[in-house]
Amino acid sequence: MALTNNDIFKKLRVALKLRDDDIVKILELVDFRITKSELGAFFRNEDHPKYKNCGDQILRNFLNGLVIHLRGPMPKKGEKPKSTPSTSKRKERK
């Protein structure tokens, strides 16, 4: 049985411990508006009357927003990226 977009969305929500409010804010980072009730339809059981299939566009926007949420926005062209904790704490060789 193949995973659907709904399954992937549910698994990411659980793995990252995201609430509906968090997901709405993540989607807003990529200018994608969705209500909590619309979002809830994706997380229902398939046999529920208000279940909705999660389309590719919604999952793609969520993943793009998640990147921004976790890493921060991409620097504009010509700007130097801000240092990340992993690059700023490199040990110098003696």
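**Close-up views of a predicted model**

**View 1. The side chains of N5 and D56 are joined by a polar contact of 2.8 Å.** A polar contact is a pair of N or O atoms within 3.5 Å; within protein, one must be able to donate a hydrogen and the other to accept it, and residues adjacent in sequence count only if both atoms are side-chain atoms. Residues are numbered from 1 along each chain as its sequence is written, and side-chain values use heavy atoms, with hydrogens and water left out. N5 counts as buried because its relative accessibility is 18% (buried means under 20% relative accessible area, exposed over 50%, partly exposed in between, with a 1.4 Å probe and protein chains only).

**View 2. F9 and F62 form a tilted aromatic pair.** The ring centres are 4.7 Å apart and the planes are 45 degrees apart. Rings of Phe, Tyr and Trp (its six-membered ring) pair if their centres lie within 6.5 Å; planes under 30 degrees apart count as stacked, over 60 as edge-to-face and the rest as tilted. F9 is buried, with a relative accessible area of 0%, and F62 is buried at 0% relative accessibility. Ring pairs link F9, F42, F43 and F62 into a cluster.

**View 3. I23 touches F9, R13, L18, L39, F43 and F62, leaving out residues up to four places away in sequence.** Contact means heavy atoms within 4.5 Å.

Note on methods:
Predicted model: local features only at pLDDT ≥ 70, side-chain atom pairs only at ≥ 80, totals over all residues.
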